[in-house]
Amino acid sequence: MEKETKNTRTKIIQVATRLFMDNGYQSTSTRQIAQLAEVTQPNLYHHFKNKEEVYVGVIEALLSDVNKELVEIVGNQALDTISKLTEFAECLKIKHPFDFDLMMHDFKTKLTEDTQLKLFVLWNKSYKAPLLQLFEESDFSIRRGLSTEMITTHFLNTLSPYIKTEQRNHALSIAQVVDFFIYGVSSKSN
């Protein structure tokens, strides 16, 4: 019985992930999720109190899965910082199915404050913390006046358009984005 419950919950999360990814939070209903997961709505509500809880389950599963790989990349002593940043970005491009901007919009406008805080804490732990660690342990000097917090936030913001699901074919590769981020566009040496 416990295995069946876990399998049903997992199936609901998988279906909901696809629906939220394709349609966003607002345009996805629990009726759609239940129908595509081949469960009744009462069964869905047995596992999740409401749509917001399903969304949290989706985000928790996503962040946990991606975090494992990000921590592995950051901890890989065989890679230099630039290689780690490139692999970090490639991992997000492949593993993070949501449009960052849409996800953040949903966080801020569709969810309760308690849920926003919970997801913000998870986001920081899962994505931001490994990147902060990467910059703190960097094998190159960071310009004076910049904090690892500023650099981390800017890197994630710079990367966001290159990992959107509908915009995966950009003129710039992830390696070029990382190169521009680290070295800028000026040929002038410091």
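How many salt bridges does a search of the whole structure find? In this predicted model, the search finds six salt bridges. Side chains of opposite charge can pair when their charged atoms come close.

One of the salt bridges joins the side chains of Lys-11 and Glu-38, with a distance of 3.1 Å from N to O. Lys-11 belongs to helix H1 (residues 2-23), while Glu-38 sits in the loop between helix H2 (30-37) and helix H3 (41-47), so this pair ties together parts that are 27 residues apart in sequence. Lys-11 is partly exposed, at 34% relative accessibility, whereas Glu-38 is exposed, at 65%.

Another salt bridge is formed by Lys-95 and Asp-65, whose closest N and O atoms are 3.4 Å apart. Here distant parts of the chain are linked: Lys-95 is in helix H5 (residues 81-95) and Asp-65 is in helix H4 (residues 51-75), 30 residues apart. Lys-95 is partly exposed, at 27% relative accessibility, and Asp-65 is partly exposed, with a relative accessible area of 35%. These two residues also take part in a network of salt bridges that links Asp-65, Glu-69 and Lys-95.

Because Glu-149 lies in helix H8 (residues 148-159) and Lys-128 in helix H7 (residues 113-136), the pair ties together parts that are 21 residues apart in sequence. Glu-149 is partly exposed, with a relative accessible area of 38%. Lys-128, by contrast, has a relative accessible area of 13%; this residue counts as buried because buried means under 20%.

Key:
Residues are numbered from 1 along each chain as its sequence is written. This is a predicted model: local features need pLDDT of at least 70, side-chain atom pairs count only at pLDDT 80 or more; totals for chains, interfaces and linings use all residues. Side-chain values use heavy atoms; hydrogens and water are left out. A salt bridge is a side-chain nitrogen of Lys or Arg within 4 Å of a carboxyl oxygen of Asp or Glu. Helices (H or I, at least four residues) and strands (E, at least two) are DSSP runs, numbered from the N terminus. Buried means under 20% relative accessible area, exposed over 50%, partly exposed in between (1.4 Å probe, protein chains only).
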